[in-house]
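Trainee: Could you walk me through this one, a piece at a time? I have not looked at it before, so please spell out the terms as we go.

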Amino acid sequence: MDWNDGHALGRALRDAYPSGNYVTVSDAELIDLVTALPGFGKTAVPPDAATLMAVRLAWVAAAEGEDDTSPYEGGA
Amino acid sequence: MASIERDQPGIYWQSLMGNNGDGIGGNCHRYDVVTGARPDGQHGWFLVDYGVKFGAGRKGYAAEFASPEGLLVHPGEGGGPEALLLTHAHEDHLGAVRHLLPLGYRCPPVYARAFTAAMLNKSLADAGVEKNRWPEIRIARTGETVEIAGARVSFVAMDHMPGATALHIASDQASVFHTGDYRFDATLPLGPRADPAVLRAIGQAGLDMVVSDSTAAPVTDAPVTEAEIAHALERIVADNAGRPVIAGILGSQLDRLVSLGRAAKANDRALVLSGRSLVANAAVAQAGGIDIEAAAGTPLLTPRQAAELPAEKVLVVTTGAFAQPNSGLGRASRNQPGALSITPDTTVVIAQREIPPVREAQAAMVARLEARGATVVTAERAVAAGYGPIHQSGHAVERDCRLLYTLLRPRMLAAPVHGNAAQITANGRLARSVGVPVLALDRNGAVVRVAPDGARVIGVQPPERIGARERTDVVRQLPKASPGQGRDSHFPVPVFSYDRLDDAGAVVLRSGLETAQGATRPKRPDASAAPRVAVHHTAAGREGSRSR
Ligand SMILES: [Zn+2]
């Protein structure tokens, strides 16, 4: 896995750190958690902000399930 | 269709979608700036917002949005707008971008506040859009002025949701204030607040036109502040001491999440978040420096982190205020596997007023929760029980609209947008009541030129829409986890076919706009006997799969 395998990283983070806080984990902590995952490519270059956000959201998705945004959210 | 010449000096505004005869949504505005001061030509233009229209399932469309044909260009082509400016992160303001890119269009550089930009990227990631096609993002700070397409554009904080911004667009010829969605509430806890002194200064410096949100203009009740809501929520939680309490909101209501966090802290309960859209929005906000924990004064915990705490020492905030089937409340009401537990001593608080399209679904969900023994406090019941309001519209009510016009004092015109006919009429009446002339448009396409000699409609160019129909036969195939890397529970990404519609939503061309959206697989894993359906390429002949 490398930084571009967002969905796989999300599932791996969920399984490796079941008590991890995917809401408040800092960028620096998230990088440490990902690079410590078994199977993560050690030569991977540091992620840019959008890539890191994609990984963070993939962890949220793996832990929380399907998207549940209401189509009427903006009318509230 | 004859084109309308935009060749005289001034600022031109055109509502491409958002002044719809058939309901709110799909906001998209075009601004052209013609000035003599531009070194590389005298004409620049940009778009403000590119959203989808509300009403999932209407005529079978999951989304409708302003047609990009003749507006945007394809990669490698010249022309097109110089920028897309986003006022905030609601789907009716940015939700079309995820469709424009798979349709093969190039999105120009996006100017937005950091939270809005992160939410745009989230929507593209959720849609499975390849990252190399995401637009360039230029983060705009509150109060910042940026030169865009020959205009000076200032980003002005408004009260609506984190990151909400108005745009003050000024050239040497004219000036326009585009409110985006707004209200006035100095007690909203997250992000910079709308500053009446800033708005008054804009008006005093001389403003020609205001383009403004009409959604709640007919509401004559005094607005309720978020501080009052937080107080009511605190009392409700206090009166349910010793019982599990679950609160349902919408995923984007992060200010309401803070109010609930304050209610939890005041009642010595831990704050637990559940429900993907809420958790994702909160995670984006925290990562972007919008500190929900600091505002609430209590940590945000995951359900797993709170698993050892007694249920009566926790306040769970989850999704489902609009009864979405897969939300936290929706799943709990059906007792689905892994859902939040509902017991006969559970109190459920829905801190969001129902709106007409969700009324039946919400009533059914409340009935299911009650059938499982829960006590349900809806926004309506909270008022009846004497707690006071636990919800307020995010849009400007009558008092706010009047205040806006009083502060900005536009010299030439107010153009109400973002509303149905009644809402636009009400907003126009409020502008007139403080002496501001009004252009009340009940449809899209009118081109207004604002120049030193006045503001007037110079022509009407009825825009078209695209209707996105979710395909029932296939879903997008995302890469699977490597062997041994987690359970295989990746989420299917919907695949759309696109119809061309007129400005009233009637079909002009059905399924003429399908495009490559990557590899697909049959929608149901158990439908393997069904033939694999390939995604068609566009009828216009842009060939080749764009899957990578
Ligand atoms: Zn909004």
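Trainee: Which residues are linked with B:Arg6 in a network of salt bridges?

Mentor: In this predicted model, B:Arg6, B:Arg30 and B:Asp32 are linked in a network of salt bridges, a salt bridge being a side-chain nitrogen of Lys or Arg within 4 Å of a carboxyl oxygen of Asp or Glu.

Trainee: Before we go on, what should I know about the numbering and the model?

Mentor: Residues are numbered from 1 along each chain as its sequence is written, while chains are lettered from A and ligands numbered from 1 in the order in which they are written. The model is predicted, with local features needing pLDDT of at least 70, side-chain atom pairs counting only at pLDDT 80 or more, and totals for chains, interfaces and linings using all residues, and side-chain values use heavy atoms, with hydrogens and water left out.

Trainee: Back to B:Arg6, then: is B:Arg6 buried or exposed?

Mentor: B:Arg6 counts as buried because its relative accessibility is 9%, where buried means under 20% relative accessible area, exposed means over 50%, and partly exposed lies in between, with a 1.4 Å probe and protein chains only. B:Arg6 lies in the segment before β1 (10-17) of chain B; helices (H or I, at least four residues) and strands (E, at least two) are DSSP runs, numbered from the N terminus.

Trainee: What does B:Arg6 touch?

Mentor: Leaving aside residues up to four places away in sequence, B:Arg6 touches B:Tyr12, B:Gln14, B:Arg30, B:Asp32, B:Val34, B:His43, B:Val447 and B:Gln461, with contact meaning heavy atoms within 4.5 Å. Its side chain makes a polar contact of 2.8 Å with the side chain of B:Gln14, and another polar contact, of 3.4 Å, joins the side chains of B:Arg6 and B:Asp32. A polar contact is a pair of N or O atoms within 3.5 Å; within protein, one must be able to donate a hydrogen and the other to accept it, and residues adjacent in sequence count only if both atoms are side-chain atoms.

Trainee: Why do B:Asp159 and B:Arg193 count as buried?

Mentor: B:Asp159 is buried because its relative accessible area is 1%, and B:Arg193 counts as buried because its relative accessibility is 18%.

Trainee: And what about the pair B:Glu136 and B:Arg138?

Mentor: The side chains of B:Glu136 and B:Arg138 meet in a salt bridge at 2.7 Å, N to O. B:Glu136 counts as partly exposed at 44% relative accessibility, and B:Arg138 also counts as partly exposed, at 31%.

Trainee: Changing topic, how many salt bridges are there between chain A and chain B?

Mentor: The count between chain A and chain B is 1, and in it the side chains of A:Asp48 and B:Lys131 meet at 3.2 Å, N to O. Across that interface there are also 13 residue pairs in polar contact, with both residues at pLDDT 80 or more. On the side of chain A that touches chain B, the elements giving two or more residues are α1 (6-16) and α3 (49-64) of chain A, and α3(A) gives the most, with 9 residues.

Trainee: How much area do chain A and chain B bury between them?

Mentor: They bury about 4,000 Å², 59% of it on carbon and sulfur atoms, buried area being the accessible area (1.4 Å probe) that two parts lose on being put together, summed over both. The contact takes 39 residues from chain A and 57 residues from chain B.

Trainee: Last one: what is chain B made of in helices and strands?

Mentor: Chain B has 13 helices and 25 strands, and buried residues make up 60% of its 548 residues.
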